[in-house]
Amino acid sequence: MSTKDNPEEPEGTGRPPEPPKSPQSPEPQKSPEPQQSPQPAQPPQSPQPQQPPRSSEPEQPPQAPEPSEPSEKAPAPPEETGRQRLAAGLWPPRVSRAQLIVALLLFVLGLGLAIQVRSNSDSSALRGARQEDLVRILDELDGRTKRLEDEKQRLEDQRKELESSSDQAEEARRQTVEKERQLGILAGTVAAQGPGITLKITDPTGQVQSDQLLDTLQELRAAGAEAIQINGVRIVASSYFSDEDGGVAIDGKKITQPYEFKVIGKPQDLEPALNIPGGVVQTLEKEQATVAVTRSAKIVVDALRAAKQPDYARSSS
């Protein structure tokens, strides 16, 4: 075909001219592999250089994005005050181990200071006291201390006795029996023996009265007599003397002369107490009575009193 039959295409259409087909170009052969699709054969390029395609429409410069309409601004958060920032920093608390140890030490120190201040305030109450009051308080404290020390020593002795005994129950029983015997001697329900004196009063004229015998008894008790028996009558705390026809009665029981006192106690104290100037012996001798005092290493007081059951008194233990 001639070039006149094909009018020239206006420039800038963007279609490059087709190259003339060569009659000798072989047809494209199919690939022997059935999996791959056949590829068209590329025509031989023309020796003339191809010009880049031109667009029919003139190129427009890139347009800048249109400014969007101003949107409504979000409200800004209110600014925090200093107090709010301080509270946010303090809570929740973040305590480390070192801070906990320091807090514990400060607590112990504060407790010690409080105790010290309290003790100082208690002792300051005595600073304003008078000297007489301080002396009296000191004497009371000394007396209380002495009583407590004596009580402590007594309890320590009892504890040692109980510990040294092989059988504590037997030792306690022994102490109970011994205490019962001691109380029985004082009450006149148990016979007693020991060193003492024998006092015999002979009154041929009958001038000795019950009051003189009572004075003799009181003098012996003051000298340390522990058990006394007069003519077979046991003397106890409730004993009384009375005058009877031709003699004297003790606790309602009449006794006759000679009046014989059996006294258990320390002879070195009993005999001098009777022989002091103006004492019992001289008073009885003025009544024409004869008094004989004899020391003895063993005095037996075997007169007994029946144990009286109290009607109203009861043990408080």
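User: With which residue does K146 form a salt bridge, and how far apart are the closest N and O atoms?

Analyst: A salt bridge is a side-chain nitrogen of Lys or Arg within 4 Å of a carboxyl oxygen of Asp or Glu. K146 makes such a pair with D150, and their closest N and O atoms are 3.0 Å apart. The model is predicted: local features need pLDDT of at least 70 and side-chain atom pairs count only at pLDDT 80 or more, while totals for chains, interfaces and linings use all residues. Residues are numbered from 1 along each chain as its sequence is written, and side-chain values use heavy atoms, with hydrogens and water left out.

User: Where do K146 and D150 lie, and by what are they separated?

Analyst: Helices (H or I, at least four residues) and strands (E, at least two) are DSSP runs numbered from the N terminus. K146 and D150 are both in helix 3 (residues 131–164), and because they are four residues apart, about one helical turn separates them.

User: What is the relative accessible area of K146, and what is that of D150?

Analyst: Buried means under 20% relative accessible area, exposed over 50%, and partly exposed in between (1.4 Å probe, protein chains only). K146 is partly exposed at 46%, and D150 is partly exposed at 41%.

User: How many salt bridges does the structure hold?

Analyst: The structure holds five. One of them joins R159 to E156, with the closest N and O atoms 2.6 Å apart. R159 and E156 are three residues apart in helix 3, so they too are separated by about one helical turn. R159 is partly exposed, with a relative accessible area of 37%; E156 is partly exposed as well, at 26%. Another salt bridge links R305 with D251, the closest N and O atoms being 2.8 Å apart. R305 lies in the segment after strand 8 (290–301) and D251 in the loop between strand 5 (247–250) and strand 6 (253–255), so this pair ties together parts that are 54 residues apart in sequence. R305 is partly exposed, with a relative accessible area of 27%.

User: Which residues gather in a patch of negative charge on the surface?

Analyst: Patches are made of residues with over 30% relative accessible area and no salt bridge, like charges being joined within 9 Å and nonpolar side chains (Val, Leu, Ile, Met, Phe, Trp, Tyr) within 5 Å. The negative patch consists of D211, D215, D243, E244 and D245. Helix 5 (210–222) and strand 4 (241–244) are the elements that give two or more residues to this patch. E244, found in strand 4, is partly exposed, with a relative accessible area of 40%.

User: Which residues form a nonpolar patch on the surface?

Analyst: L104, F107, V108, L111 and I115 form that patch, and together they have about 530 Å² of accessible area (Shrake-Rupley method). V108 lies in helix 2 (residues 97–123) and is exposed, with a relative accessible area of 51%.

User: Is T216 buried or exposed?

Analyst: T216, a residue of helix 5, is buried, with a relative accessible area of 1%. Contact means heavy atoms within 4.5 Å. Leaving aside neighbours within four places in sequence, T216 is in contact with L199, F261, V280 and L284.

User: How many helices and strands are there in the chain?

Analyst: The chain has seven helices and eight strands. Of its 317 residues, 18% are buried. Among contacts with a separation of 6 or more, 74% are between residues 24 or more positions apart.

Methods
Accessible areas come from the Shrake-Rupley method with a 1.4 Å probe; for residues, only the protein chains shown count as cover. Lys and Arg count as positive and Asp and Glu as negative; His and the chain ends are not counted. The place of a charge is taken as NZ of Lys, CZ of Arg, CG of Asp or CD of Glu.
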